[in-house]
Amino acid sequence: MTTPTRMFSLEQKVGQLLFIGLPGPTLDAEAQQLVKSIQPGGVILFARNLESPQQTAELTADIRRFSRVMPLISIDQEGGRVDRLRHLAGPMPSAKQISLADDAKLAFELGVVTADLLRLLGFNMNFAPVLDIEAANDQPNGLEERCWGGQAMTVIRFAGTYLEGLQNHGILGCGKHFPGLGDTAVDSHHALPTVNRSEKQLLAEDLRVYADLFSTLYTRVPAVMTAHASYPAFDGHSGIPASLSRNVVTDLLRKRMEFSGIAICDDLEMGAIQKTVEFSEAVVRAVEAGNDMLLVCSRPDLMQEAQTTLVRAVETGRIPRSRLEVSIDRIAKVKAMAMAPYPYSAEAFRRATERLAAIHRAVMESATPQESLP
């Protein structure tokens, strides 16, 4: 039985707001201590953590075992360029490849098989689908092949159908990158991009995708990831990343769009933040903006610094305790939606990989070379 968060210390309550990475493929003594001391609300795994299906299932089981409250255990499993399971399950088609095949059924089937693979490995969330609208700029912005299309309705059709398959089979989705990162010329992993679209254009196109998926029962998004990009339409020329902007996360996402799920700040170790705001200040400002969870993916020292910084901010009153409790409540409600993992079975995993291979073949056979851009 998990411990209610009301029984937690302040340090452990703050830990629920952190979504952390782990250094390696096992929960060794150092990683155990990290999980036990922080008690993170979420853990994200990368290729560095995944050696085999059996090992991955054992790792996620150990994460749950050392957590006093069930954590969200997630991964960036989009397909194409962002395919963490490739060496475990075979290649997964990208969003762009599926949209070029022009068959929404394939998007649904990909969502289903992704969910089955992830539940067998012990995950309960996937940081997908990407909801960014592809712009016709051919810029190295880190989104190549990751977008479903260049028009709002194309993204809604394919990402929504994918999300339905994913969530109907027990894996929570997370739409990214709010409020829309497609029309950028810089990769936020390296530096801070600027999205120069007008408010009218953002509302009519990029935000239309979110509005639709927030309101449709079968694709209702329980979580969104906020973008490390500057939006003059909402923040003028301040250069504030959307992920740290109250105008974007609270006023736009929460109030204007009435989103009630959890807002997850993209990785605070990315260049867009590291080159813009000092780390501990970014941690506090992310919560002040309205984010419920903060990704810190690589460095254990920064994970611990994030926890210490937030504890100090609560103790000094910069972050009111009531604000902390609001996020803890939202996180708990989303966790209550999470499904238990399937017992790991090598045979079940093999069957799922065969279904994935069949989807990949169908996509490759159906895809056309035309670009689905405005």
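How are α13 and α14 oriented to each other? In this predicted model, the axes of helix α13 (residues 279-289) and helix α14 (residues 300-315) cross at roughly 55° and come within 9 Å. Angles of 65 to 115 degrees would count as roughly perpendicular and those under 35 degrees as roughly parallel; α13 and α14 are therefore oblique to each other. Their crossing is right-handed.

Follow the side of α13 that meets its partner, and you will find Phe 279, Ser 280, Val 283, Val 284 and Val 287. Across from them, α14 contributes Leu 302, Glu 305, Ala 306, Thr 309, Leu 310 and Ala 313. Sorted by class, this contact has eight nonpolar, two polar and one charged residues.

The largest pocket has a volume of about 450 Å³ and is lined by 26 residues. If you want to find its centre, look for Asp 76, Arg 84, His 189, Asp 266 and Met 270, the lining residues that lie nearest to it. The lining of this pocket divides into 10 nonpolar, six polar and 10 charged residues.

The structure also holds one cavity of 30 Å³ or more. The largest cavity has a volume of about 70 Å³. By class, the lining of the largest cavity has six nonpolar, three polar and three charged residues.

Terms used: Residues are numbered from 1 along each chain as its sequence is written. This is a predicted model: local features need pLDDT of at least 70, side-chain atom pairs count only at pLDDT 80 or more; totals for chains, interfaces and linings use all residues. Side-chain values use heavy atoms; hydrogens and water are left out. Axes are lines fitted to C-alpha atoms, for helices over the stretch in contact, and angles run from 0 to 180 degrees between N-to-C directions. Helices (H or I, at least four residues) and strands (E, at least two) are DSSP runs, numbered from the N terminus. Angles under 35 degrees count as roughly parallel, over 145 as roughly antiparallel, 65 to 115 as roughly perpendicular and the rest as oblique. A crossing is left-handed if the near helix is turned anticlockwise from the far one by less than a right angle, and right-handed if clockwise. Contact means heavy atoms within 4.5 Å. Ala, Val, Leu, Ile, Met, Phe, Trp, Tyr, Cys and Pro count as nonpolar, Asp, Glu, Lys and Arg as charged, and the others, Gly among them, as polar. On a 1 Å grid over the protein atoms alone, a cavity is a set of points where a 1.4 Å probe fits but cannot get out, and a pocket is an open set with protein on both sides within 12 Å along at least five of seven lines; lining residues have an atom within 4 Å of a point. Grid points are joined across faces, edges and corners, and a volume is the space filled by probe spheres set on the points.
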